[in-house]
Amino acid sequence: MIYKFNFRKDVQYIVVAAVVIFFAFVPLFGSTYTLTLSSTIMMYIVMSLSWSMFSGPTGYISLASGAFVGLGFYASGFLSSSLPLPMLMLVGGLVSFALAAIIGAVTLRLRGVYFTIFTFCLVELVKAVMTWYEIMIVRKRGLNVRNFGTDTAFYAMLVMVAITLIVVVVIKQSRFGMALTGIGESEDAASHIGIHTTRTKVFGFAISAFLMGTVGAVRATMLHHIDPGSSFNMMFSFLPVLMCVFGGMKTFLGPIIGAAVFAILQYSLITEMPQIYMIIFGAIMILAILFMPTGIVGVYERVINRIKKGKSKKGGTDDANA
Amino acid sequence: MPMLEATGISKAFGGLAAVSKVDISVNEGEILGLIGPNGAGKTTLFNLISGAIQMDSGTAVFEGKRISGMKPYQICRLGIGRSFQAAKNFDGMPVHQNVLMGALFGKKGQSAANASKIVDEVLDFVNLNELRDKMVHDIPLASQKRLEVARALATRPKLLLLDEMMAGLNPSEVGEAMELVTKIRDSGITIIMIEHVMKAIMKICDRIVVLHHGAKIAEGAPQEIAANKTVIEVYLGEC
């Protein structure tokens with residue numbers, strides 16, 4: 001397999017890399033508000049990319065993201081007074097990785113909607129355990145988290161975006177990525193051509209959980225105080241799914257664009273019209289799912305195709321009706 | 001010693017015995033036919049041999065290694081390939097990539113260069129080279145069934161399990177499929193095939209096993225089976 005430069009495909013990687021590099025200079029001129037918004041956007045990008053990395057090709061829709069982000073929150077909550085930020089991210093990632101591996105080994109035998117329901121319940125389960133722990137054992141609600149500064153959090157998020165992008169691109173082109181796609185296309189066929197389906201699924205699920213855990217750890221340092229409700233938040237579980245649907249699921253750019261548009265929309269609605277923010281947000285989501293089932297990237301591709309078709313019609317070479 | 005020897009294998013779903021105490025063996029270089037009315041347990045038997053489901057009792061030994069209890073991917077890597085009754089291709093991929101999947105994962109540590117060589121060979125072998133860049137749902141049923149076989153062949157099996165590869169094909173396509181099966185055997189691969197197309201079974205099989213209600217009711221050369229009274233009763237009803 002010789003690598004050929006494909007303009008349409010590879011230009012998107014270059015553009016994304018350029019944007020990431022541009023972001024590195026934002027703290028030099030951006031306000032605190034800009035930095036916080038950018039950090040949120042980047043967190044959402046990591047979440048939607050890592051979610052789509054596993055759920056996109058395999059078709060196993062996970063709603064456990066809230067549990068992994070929450071574990072990252074609590075890794076920071078427990079350890080922020082004694083460890084530097086990179087260590088907190090590593091711990092948050094590893095704990096999430098471990099939970100995903102254990103849960104995956106048990107539940108990835110479940111197919112389709114059963115897996116989704118289980119992961120949905122997982123978030124509530126972890127939240128309940130943490131609440132019980134705080135009420136019964138330590139008798140103190142929530143934890144305080146050390147703030148490492150807006151700039152530090154910003155750069156930590158940026159590093160995670162870069163790492164996630166690399167992981168996603170590498171996996172997409174690797175044998176492992178092909179195995180994940182094979183499982184999504186036909187799990188039976190995949191297992192009978194020598195793919196270790198269980199191990200592939202568990203590992204893919206755990207890697208995506210690791211990435212979510214790391215950004216959770218960073219996010220917590222931006223919040224000063226965390227508790228089980230804010231950490232193991234169902235919103236974090238639905239966000240990646242919605243962002244991927246919004247942006248376009250099976251494309252590289254879809255989850256990134258979806259996350260960015262989503263975060264900006266969320267922030268501007270909250271600041272402009274806080275009373276009816278949820279109503280408008282919900283309406284936009286419903287409209288998006290109804291009218292853009294293939295997401296923003298899908299709409300873009302349809303428009304491009306229509307323009308191309310229009311052009312060829314004028315040239316008299318249209319054979320679409322033939 | 002037979003290449004594959006399964007003794008006393010049983011499988012029940014709930015209270016229903018899908019396969020009960022079946023002995024089946026296949027010798028190297030043979031084409032073994034597996035027939036029986038609908039619901040006789042033929043596909044279940046394939047699922048048991050290939051590891052898709054675990055047997056309740058009995059053992060299966062392939063080339064001296066016990067394969068009962070192994071996972072499908074392990075059994076595949078030992079050299080047992082299979083195709084599915086309803087084609088289970090990777091619909092989102094072009095034809096050549098379907099075959100590449102088999103070549104890449106079929107043997108541990110297969111290099112990419114080697115795998116793409118296997119893809120060319122196999123596509124040539126099953127006559128799908130012209131369709132190699134087409135998507136799966138754009139090619140005719142007969143070709144989709146061939147692709148099933150191609151994907152299994154790309155894993156470099158020694159034994160191939162073919163599940164009704166001729167169902168739904170027209171007579172000329174059946175002829176081509178029969179040619180393909182013979183060609184696969186001549187290339188040194190042993191075959192067990194489930195088939196309802198009697199013309200094909202009688203012509204190309206060396207030996208036939210008949211299943212009914214999960215049990216083996218007859219075994220022998222095609223002529224013997226065609227003359228067997230129990231088999232005729234099972235197929236045509238008691239007269």
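**Exercise 1.** Which residues in H12(A) are buried?

*Solution.* Start with the ground rules. This is a predicted model, where local features need pLDDT of at least 70, side-chain atom pairs count only at pLDDT 80 or more, and totals for chains, interfaces and linings use all residues. Residues are numbered from 1 along each chain as its sequence is written, while chains are lettered from A and ligands numbered from 1 in the order in which they are written.

Now apply the test: a residue is buried if 20 or more other C-beta atoms, placed from the backbone, lie within 10 Å of its own, exposed if 12 or fewer, and partly exposed in between. The buried ones are A:Phe236, A:Ser237, A:Leu239, A:Pro240, A:Val241, A:Met243, A:Cys244, A:Val245, A:Phe246 and A:Gly247. That is ten of 14 residues, so H12(A) is mostly covered.

**Exercise 2.** Find what follows H12(A).

*Solution.* Step past the helix end to A:Gly248, which has a positive phi, near 120°.

**Exercise 3.** Describe how S9(B) and S10(B) are joined.

*Solution.* First, locate the strands: S9 is residues 207-212 and S10 is residues 215-220, both of chain B. Then count: five bridges join these antiparallel strands (pairing needs at least two DSSP bridges). Pick a facing pair: B:Val210 is opposite B:Ala218. Finally, look at the turn: two residues separate the strands of this hairpin, and B:His213 there has a positive phi of about 50°.

Terms used
Helices (H or I, at least four residues) and strands (E, at least two) are DSSP runs, numbered from the N terminus.
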